[in-house]
Amino acid sequence: MKKIRNVIPNIFTLLNLLFGCISITFLQLKCFEYSAICTIFSLTFDFLDGFISRFMKNESKLGKELDSLADMISFGLVPSIIVFILLKNIEGSQKVPFIEWSAFLIAIFSAWRLAEFNIHNSSKKNLGLTTPVNALFFTSLSIIKSRNIDFLVLSPIKMLFTILFSCYFLISKITMLPLVFKGFSWKKNKIRYLFLLISIFLLLILHLIALPCIIIFYIITSIYFHRFRKNSH
């Protein structure tokens, strides 16, 4: 029975990895929406493996290593391939030779972040942008682009700066806003409530376009939250 309990969280981790691999096959076919669905499944299983391992008090070294390896594929390699394809498909005067290869900086810095997470204690887990949130950002851009929504005007320079900012925030020492509510108190959760209300408003107004906007807003809110905490100390 104990052996079964030990395996359950790892099954969810491997399902995360499986859907990451399937996502890559859909990207090769330029099926961005199917790839995005797989990424959502990966996000779900990534959440479940951590939740179940904590609930069962069954956090193991094997599970920790498996989790990082699965995240590297699902949330490190997948967004790199997305950006590579988006940059590769830019045509005309805007095209910059070989710039698409810069997309793999996302995978490199994701690996760096995951390695640091493995060697640091849990008190540092809120530092920097998580790989799942970063992957969700680039996934949302791919869906917007695939639907030819005018909001997204891709240019190589814009994408390059987006990649560089992404890489910076992946390994930054900025404490990101924890989204777990501390009870229902307004005083203890003021920033979280404001973030939630503004995010819902953006979703109602902008629909799909709201996703990357919410993630950018999350980063800005976290920077403010980080500075506020530093000043309060």
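This is a predicted model: local features need pLDDT of at least 70, side-chain atom pairs count only at pLDDT 80 or more; totals for chains, interfaces and linings use all residues.
Before anything else, a word on what I call a helix: helices are DSSP runs of H or I with at least four residues, strands are runs of E with at least two, and both are numbered from the N terminus. Ile-205, for instance, is found in helix α7.

Residues are numbered from 1 along each chain as its sequence is written, and side-chain values use heavy atoms, with hydrogens and water left out.

Let me start with the interior. A nonpolar core here is a set of buried Ala, Val, Leu, Ile, Met, Phe, Trp, Tyr and Cys residues joined through side-chain atoms within 4.5 Å, where buried means under 20% relative accessible area, exposed means over 50%, and partly exposed is in between, using a 1.4 Å probe and protein chains only. The largest such core has 39 residues, and those with the most contacts inside it are Leu-27, Val-83 and Leu-87. At least two residues of this core come from each of α1 (2-28), α3, α4, α5, α6, α7 and α8 (210-232), and α3 gives the most, with eight residues. A second, separate core has six residues, among them Phe-12, Phe-19, Phe-45 and Met-56.

If we look at Leu-87 by itself, and take contact to mean heavy atoms within 4.5 Å, then, not counting residues up to four places away in sequence, Leu-87 touches Lys-95, Ile-99, Glu-100, Ser-102, Pro-156, Met-159 and Ile-163.

Is Ser-110 buried or exposed? Ser-110, which lies in helix α4, is buried, with a relative accessible area of 0%. Leaving aside neighbours within four places in sequence, Ser-110 is in contact with Met-72, Phe-75, Gly-76, Thr-131 and Leu-170.

Now to the aromatic rings. A pair of aromatic rings is described by the distance of the centres and the angle of the planes. The rule used here is that rings of Phe, Tyr and Trp (its six-membered ring) pair if their centres lie within 6.5 Å, with planes under 30 degrees apart counted as stacked, over 60 as edge-to-face, and the rest as tilted. The structure holds 15 aromatic pairs, and one of them, Trp-186 with Tyr-193, is stacked, at 5.8 Å centre to centre and 20 degrees between the planes. Trp-186 counts as partly exposed, at 46% relative accessibility. Ring pairs also link Phe-12, Phe-19, Phe-41 and Phe-45 into a cluster, and Phe-12, Phe-19 and Phe-45 are residues that we have already met in the second core.

How many salt bridges are there? If a salt bridge is a side-chain nitrogen of Lys or Arg within 4 Å of a carboxyl oxygen of Asp or Glu, the count comes to three.

One of them joins the side chains of Glu-33 and Arg-147, at 2.8 Å from N to O. This pair links distant parts of the chain, 114 residues apart, with Glu-33 in helix α2 (residues 32-55) and Arg-147 in the loop between α5 (131-146) and α6 (156-171). Glu-33 is partly exposed at 35% relative accessibility, and Arg-147 is partly exposed at 47%.

Another salt bridge is that of Glu-100 and Lys-88, at 3.4 Å from N to O. Because Glu-100 lies in the loop between α3 (61-88) and α4 (105-119) and Lys-88 in helix α3, the pair ties together parts that are 12 residues apart in sequence. Glu-100 is buried, with a relative accessible area of 5%, whereas Lys-88 is partly exposed, with 43%.

There is also the salt bridge between Lys-173 and Glu-116, whose closest N and O atoms are 3.6 Å apart. Since Lys-173 lies in the loop between α6 and α7 (186-206) and Glu-116 in helix α4, this pair ties together parts that are 57 residues apart in sequence.

Phe-98, in the loop between α3 and α4, has a positive phi of about 70 degrees although it is not a glycine, and Phe-98 counts as exposed, at 66% relative accessibility.
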